[in-house]
Amino acid sequence: MPDNLYVHFPFCRTKCSYCALYSRAGVSQSDRDAYVRRLAAEIGAKCPTSCASLKTVYFGGGSPALCDLSVLAPVLRPLCGEGLEFTVELHPLDVTERKLQELKDLGVNRISMGVQSLDDATLADMGRGYTIDEAARAFARVKRFFDNAGIDLIVGYPGDEVKVVGVGVGAGVGERWNLQRLGSWGLRHCSVYSLQNERGLKNVPDDDIVLDRLRHIAICLREMGLERYEISNYAEPGYECRHNFAVWRGEDYLGLGEGACGRIGLRRTSNLRSRISETTVSPEENLKERTIFRLRTREGLDVSSFSSLSSYPSIVSSLDLNVKTGLLTKSGTVYRLTERGMEVCDSILADLV
């Protein structure tokens, strides 16, 4: 049994304007309850208690808190050993003391709250259903129950701008975001994603503007004590998301629920609308997949693991070329992204794959 479990809850109140991920809005409570009961049965069948304890559990969505998660307690508790990281994603509108206590009783010890923007007009256009002040109050409630808590932000939404104050990066970056306000939130973690415009939004800012905003946000988060440990993720030392690190490091993970993917050995699973498909990759594909994406992290990519592959010379040649252009650094057999390299990491990875 894998050490890591991902469970997907596809339910949302409404579909956000930018989201192209698999989700279902307006599902009845009875259907959500039935979904959780099916999950409980599947966890019980695929995660026998005789196996080693899980190291990480991650409930993603969608909005997991739209479901009665306490139903999962009997099958999860026997699997949750000492030192487990148990994360649940929360929408600010789901944050009530009752729900937070339910999560704590379930064994949850880490919260990721989707804020997405610090501008009220943008939040309204996204269809998020709250203001930034309401999000701040929701996060304050989260912190009363969970010290290990962070937020998600999206950069590049049409009309959304970033205002940087209190840092030595110059003024005039924008007038609608004010990152300084996050300094009082007590963030342990922050994920910052570029908008993937898969729904054809109009007037999306160009790449140079988005990259400029990402650079300023990185500076602000660093001043708050959050270090960049992966291209899109920042954390106080010791508060990095261990589940995501496990995925980037190539560890196995079991994915359950509609919209979930999994990786166990050479098998890859995906589940769309309860139709589970399974593929098998070659040992060479498996090694590349499990190793190359380490380049996204501050640990970097050690190419010594590729020495037996026929493609080893071309992999090293491609990496060395990026060293010459200033996108990577090299220390022995370990390559790491520079600040410039982080901006174009996807193209570097595409060449390697």
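**View 1. K143, D147, R188 and E236 are joined in a network of salt bridges.** A salt bridge here is a side-chain nitrogen of Lys or Arg within 4 Å of a carboxyl oxygen of Asp or Glu. Searching the whole structure turns up 22 salt bridges. This is a predicted model, in which local features need pLDDT of at least 70 and side-chain atom pairs count only at pLDDT 80 or more, while totals for chains, interfaces and linings use all residues. Residues are numbered from 1 along each chain as its sequence is written, and side-chain values use heavy atoms, with hydrogens and water left out.

**View 2. R144 and E97 form a salt bridge.** Look for their closest N and O atoms, which are 3.7 Å apart. R144 belongs to helix α5 (residues 132–145) and E97 to helix α3 (residues 97–106), so this pair ties together parts that are 47 residues apart in sequence. Helices (H or I, at least four residues) and strands (E, at least two) are DSSP runs, numbered from the N terminus. R144 counts as exposed at 55% relative accessibility, and E97 is partly exposed with 46%. These words have cut-offs: buried means under 20% relative accessible area, exposed over 50%, and partly exposed in between (1.4 Å probe, protein chains only).

**View 3. E289 meets R263 in a salt bridge.** The N to O distance is 3.1 Å. E289 sits in helix α8 (residues 283–292) and R263 in strand β12 (residues 261–264), and the pair links distant parts of the chain, 26 residues apart. Compare the two partners: E289 is partly exposed at 27% relative accessibility, whereas R263 is buried at 4%.

**View 4. R296 meets D346 in a salt bridge.** Here the N to O distance is 3.9 Å. R296 lies in the loop between α8 and β15 (301–302) and D346 in helix α11 (residues 345–352), so the pair ties together parts that are 50 residues apart in sequence. R296 counts as buried at 17% relative accessibility, while D346 is exposed with a relative accessible area of 58%.

**View 5. Nine strands form an open sheet with mixed pairing.** Follow the order β9-β10-β8-β7-β6-β5-β4-β1-β11. At the edges are β9 (227–230) and β11 (254–256), each pairing on one side only. Two strands pair if DSSP finds at least two bridges between them. From one strand to the next, the twist averages 20°. Strand β1 (residues 4–9) and strand β4 (residues 54–61) run parallel and are joined by 6 bridges; in this pairing, Y6 stands opposite Y58 in β4.

**View 6. Helix α6 (residues 207–223) lies across β7 (149–155), β8 (189–194), β9 and β10 (233–235).** The helix runs at about 175° to β8. Axes are lines fitted to C-alpha atoms, for helices over the stretch in contact (heavy atoms within 4.5 Å), and angles run from 0 to 180 degrees between N-to-C directions.

**View 7. Helix α1 (residues 29–46) has buried residues that pack against other elements.** The buried residues in α1 are R32, A34, Y35, V36, L39, A40 and I43. Their packing partners are β1, β2 (11–12), α2 (73–76) and β11.

How values were computed:
The expected span of a helix is 1.5 Å times one less than its number of residues.
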